[in-house]
Amino acid sequence: MNARTRTLIAAALVLGIASGPAVAHAAPAPASAPSERIAPPVSAPPNAAALEAAIAGLGPQHEDATAALVRVGGTAGRWQGSSGVADIRTGCDAVEQGRFRAGSVTKAFTAAVVLQLAAEGRVDLDGPVRHHLPGTVPDRYGAVTVRQLLNHTSGIPAADGPGDSFEAQWEHRFDVTDPRTQVANAVAKDREFAPGTAQHYLNINYTVLGVLIEKVTGMRYEDAVGARILKPLGLHRTSFPGRTETRIQGPHNRGYQAIPKADGSRELRDVTEWNSSDRWAAGDIISTTADLERFTVALFSGRVVPKNRLEEMFTVPDVKDFASGKPAVMTAGLSRIVLPDGTVAWGKSGGRHGYNTAIGATRDLSRTLVYSVNATDAKGQDMNPVTLGVIMAAFTK
């Protein structure tokens, strides 16, 4: 693979799975993504040598990651591997079936439940959110619809938090956050843009959707996802930590954040224990690569969301990113990536301190990918080199 191809792939991934924001020419409603050349199904088996090289040498001495768990599947063949250590104190090998914080991969589960409710006629995607949640979205915002929450075109700004720096978040890592308080804080501000005219990837959209799920189902958000997705699919190692749990239950690889020291060295601070209630329906799920692979295959196969509603997860709104002005890439719970050879992949990434995770697949499931990388700067601005290497090795020849 030449340098130009690597650069193009990296750019595509940063705009797709790896990232996901998007400013706006006016568009009254989300529309299907522009047509593009679709490459034939992936026919070559996974490149085992490239995948092994992508995760080689991980551990406390590695600059970017202490461990990685990778599963590549699909009709063209399978590959599974792990690297690194479960705990830098003991040096024990990474737990291949270990659990991890999957971050914003949670959004795919949340979107799936909302689309199930839409298929049942209990939620109108084009109806105003305030129809289900009176008083939640102020009149001055306009008619924010459920679909606009799903694809991040609502215009609702982010709720206030402790700050973007790692140290600010570290100091508040055990804070318990109430989702309804977050929503009230966010909508007390002015809207960022008119609903449906831009895309801004923000957790607040999915926090509102979590509240909506509770209102419509009469169940706790976690119980609704459990009853509708986790139990039917047998995802026994996938769970939600709840508002007060700070640990990852069951076998897992510990997460670390690299902290620069005055002498030029670094400290690897253990960030495994953390309260994720501020992410809730937007990003607090805990899972394994096996469970996420099963979910991805079932989702793309139409066994989670009825096929007449599944297109929402493969439809990019015809607007631009609020921050960059580039075309939108996010859908209802997923994002779209077009690789240089024309292959279109769909997926969702997640980043929690100590953990970078992603699910991804071609629409025809000829190639699937799930990984968890214990990145030492998992919330950094740039894509982690290990995760980039894994994605390129999984989806490119």
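Select helix 3 (residues 106-119) and helix 8 (residues 203-217) in this predicted model. Their axes, lines fitted to C-alpha atoms over the stretch in contact, come within 10 Å and cross at roughly 40 degrees. Helix 3 and helix 8 are therefore oblique to each other; angles under 35 degrees count as roughly parallel, over 145 as roughly antiparallel, 65 to 115 as roughly perpendicular, and the rest as oblique.

Now show side chains. In helix 3, pick Lys-107, Thr-110, Ala-111, Val-113, Val-114 and Leu-117. They meet Asn-203, Tyr-206, Leu-209, Ile-213, Val-216 and Thr-217 in helix 8. Contact here means heavy atoms within 4.5 Å. By class, this contact has 8 nonpolar, 3 polar and 1 charged residues.

Select Gly-210, Ile-213, Glu-214 and Thr-217 of helix 8, then Tyr-221, Glu-222, Ala-224 and Arg-228 of helix 9. These form the contact. By class, it has 3 nonpolar, 2 polar and 3 charged residues.

Move to helix 12 (residues 385-395). Among the buried residues are Val-386, Met-392 and Phe-395.

Last stop: Asn-384. Asn-384 caps the N-terminal end of helix 12. Its side-chain oxygen lies 2.8 Å from the backbone nitrogen of Val-386.

Residues are numbered from 1 along each chain as its sequence is written, and side-chain values use heavy atoms, leaving out hydrogens and water. Local features need pLDDT of at least 70, side-chain atom pairs count only at pLDDT 80 or more, and totals for chains, interfaces and linings use all residues.

Methods: Axes are lines fitted to C-alpha atoms, for helices over the stretch in contact, and angles run from 0 to 180 degrees between N-to-C directions. Helices (H or I, at least four residues) and strands (E, at least two) are DSSP runs, numbered from the N terminus. Ala, Val, Leu, Ile, Met, Phe, Trp, Tyr, Cys and Pro count as nonpolar, Asp, Glu, Lys and Arg as charged, and the others, Gly among them, as polar. Buried means under 20% relative accessible area, exposed over 50%, partly exposed in between (1.4 Å probe, protein chains only). A polar contact is a pair of N or O atoms within 3.5 Å; within protein, one must be able to donate a hydrogen and the other to accept it, and residues adjacent in sequence count only if both atoms are side-chain atoms.
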